[in-house]
Amino acid sequence: MVLSVTEKLYLHESLVSNPPARPDGRSADQFRPIEIFTDFLPTSNGSSKIVASDGTECIVSAKCKVVDHTLEEDLIEVDVDIAGHRDDSPLVQGTLSVLNRVLLSQIDRGSLRLTKKYSFKLYIDVLVLSSYSHPLTLISFAIYSALNSTLLPTLISSDDDLDVAELPTFHDYDLTKLTIKVPVLFTVAVCGKNVIVDPASSESDVANNGILVTWYDGKVTAPVRTLGLNEDYVSGITPQSLADGLKLIEDIAPKVVKALDS
Amino acid sequence: MAKDIDISSSEAKFLIDSLKQGFRFDSRGFEEFRDVGIEFGKDFGDVTVTVGRTKVHCRISCSIAQPYEDRPFEGLFYISTESSPMAGPQFENGNNTGEDEVLCSRIIEKAVRRSGALDVEGLCIVAGSKCWAVRADVHFLNCDGGFIDVSCIAVMCGLLHFRKPDVTVAGEQITVHSLDEREPVPLGVLHIPICVTFSFFNPEDAEENIKGDLNNEICLIDATLKEELLRDGTLTVTLNKNREVVQVSKAGGLPMDALMLMDCCHKAYKITETLTDQITSELKRDADSRNQFAAMLSSENARVS
Amino acid sequence: MSRLEIYSPEGLRVDGRRWNELRRLECSINTHTSASDGSSYLEQGNNKIITLVNGPQEPKLRSQMSIQKATISVAINITRFSKMERSKTSHRNERRVLEMQTALVRTFEKNVQLHLYPRTQIDIQIHVLQQDGGLMGSLINGITLALIDAGIAMYDYISGVSVGLYDTTPLLDLNSVEESSMSSVTLGVVGKSEKLSLLLVEDKIPLDRMESVLAIGIAGSHRIRELMDRELRKHGRKRLSNVSSNN
């Protein structure tokens, strides 16, 4: 929805006031309700669908393939498709680069290892059906729940296959759950001195800046980036806001991850 | 096919009204295919086909290439259809992503390539490493409707007429013999698919077409450009002489009764028969003219056996 | 791998169906209310398809506008994970997909009352989450449902199904295993009539068998129309009761 200059000004004023007054009545550290469904695609090893209350919807599929990890550089491949945006648009490319960076640098190659020679390679395909606010947080939640519901075939051949020229063999129907620690991403909007989590589209339109925070294995890790959420209100970011933003995430991330796990 | 050609509404109305009364602009019957002219060039695989004022040129060529890894015993076969402003002002140069161009090339592809009209296994020279790559380049020279039908005839005539150089294989070493050195070999053509396009016109309003039981839609064979521009729906049936349906494409358009469509298939079969016969006789005539001294050199004589 | 028995002498197919049985068909409409004006989610066997309809709305490009009637555009997104084996390349600009889009546009052009919405555009977006044979038929069913949900005036339902020919037996509603081992025909049937809006044959079929194939296809499409109609009426009743209970 396109807001008028006056509406934007009003919204901005209310967000910078102390405490921030958000248009939907949330507190600064409150998320919008989301719904997650997992494991609905039988041809994928893991799948999830996430729907936010504003209608943002995202579907993630995880498929695996056995590869020789001495030859294969990356064991995770991410592909992002956002409906209505071309593959070479800045939004898709930006999202893809962040996800690649986060997943490749954080996820431990060892957790995908199968034998001494072979590993699973994970193909993560993201399809964003509709997005109204910045979709990265939702995508990362969807990837988190997809990977945590991923089932892989159980290995029955020997683990030590360096000298045998045979592909690993699997049990006919037994599946093992993938145990992997997955990073989640949070977007924080900076409005004046306030920091608010999970900005809605109207809030993104008037935020002074956005911070992207990665949460992995119980702590904030790299990359932490700034996100330009709009063109009219963008200003520099102060060290204080950055610290506030990180503090906010440190407070709420454990609760979010717990909710995603349940 | 053409988007930028507009027909004045009075001409359009006149055409539809005459169709309702059973007349076509070129005084053909509704189920009459225009006369097909097949002209072979000097080289093998060089064919120009004219149907009415539509003119299509097809050139077959071949080269040695590497087969696909998953199909080591099969040669390669490409069909490329090229439309240029030469055919008519409605075509753009180098732009063949228009809806009609895609449909046209896909139908030819399905009719000839997917149906296995060309024996690709016969193109294999050394399994997995060398095979013939046969290319059919179709050029539209003049457009007056019926591109699919005419191109299909042109491609098939080209394939039947083409001769590839003979090769001898000794281990991995292969020798390609020039045309003067050894008699070139024809391609293995397994069947001759013939496309027949029907154009449908709705004489009543849309409601009658969908809800009514009249089924009095007009059905034309081999429409001209003007008829193509005004038609409400189209159906392309591809058949061969063995009474096999190779491909049918009715991609939307005016809904038609299933029995009428079946009827179209049967009508198309009759046309397929006559066209196939014409193609074989034209080919025979061309072969005879190339070999006019055969009778003189032959040791056969007219003795009674 | 041993060769699968496509059609056993007892008359059973790979998934246990008889020759004239459809796959499980489940559909729902109004699934993506905020993303579109009309939407549907269709499961036909293992085909899973989301269809979103937006419009009638102002065309994005003036050149696409027609003064007399609305224009339809169809965009098919076949996801890379939709088959068992993940595809290495995106399907978006494949000629096969372009052909399908054109065929769908032309199918619905004649069935939507476009003259009621001049100077507008109706955008249809399809996401194929999973495919298992007979894709074209399922796409038609999905679009029909989504267009109805969007409240766009149509003359009738169009229901689609594929029929294969195994030796001399026609098999209704093929899955991907069957589709890859025999020739198939895709039909798009208008309402309860015997009129075909779409008919595609891509492989060889004896001319004399066509009639029996079409007959079973039309019967199957009518059954699909009934299933879709039942779901729509159920949905309509639910919404109506919501409205009346709110007053």
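By contact I mean heavy atoms within 4.5 Å, and on that basis 32 residues of chain C are in contact with 45 residues of chain B. This is a predicted model, in which local features need pLDDT of at least 70 and side-chain atom pairs count only at pLDDT 80 or more, while totals for chains, interfaces and linings use all residues. Residues are numbered from 1 along each chain as its sequence is written, chains are lettered from A in the order in which they are written, and side-chain values use heavy atoms, with hydrogens and water left out.

The buried area, meaning the accessible area (1.4 Å probe) that the two parts lose on being put together, summed over both, is about 3600 Å² between chain C and chain B, with carbon and sulfur atoms giving 55% of it.

Turning to charges, ten salt bridges are counted between chain C and chain B, each being a side-chain nitrogen of Lys or Arg within 4 Å of a carboxyl oxygen of Asp or Glu; one of the salt bridges joins the side chains of B:Arg106 and C:Glu99, at 2.8 Å from N to O.

On the side of chain C that touches chain B, α1 (95-109), β9 (195-201), β10 (205-206) and α4 (210-246) of chain C each supply at least two residues, helices (H or I, at least four residues) and strands (E, at least two) being DSSP runs numbered from the N terminus. The most comes from α1(C), with eight residues.

Finally, strand β14 of chain B (residues 244-250) runs antiparallel to β9(C), joined by three bridges, where pairing requires that DSSP find at least two bridges between the strands; within β9(C), C:Val201 is the bridge partner of B:Val248.
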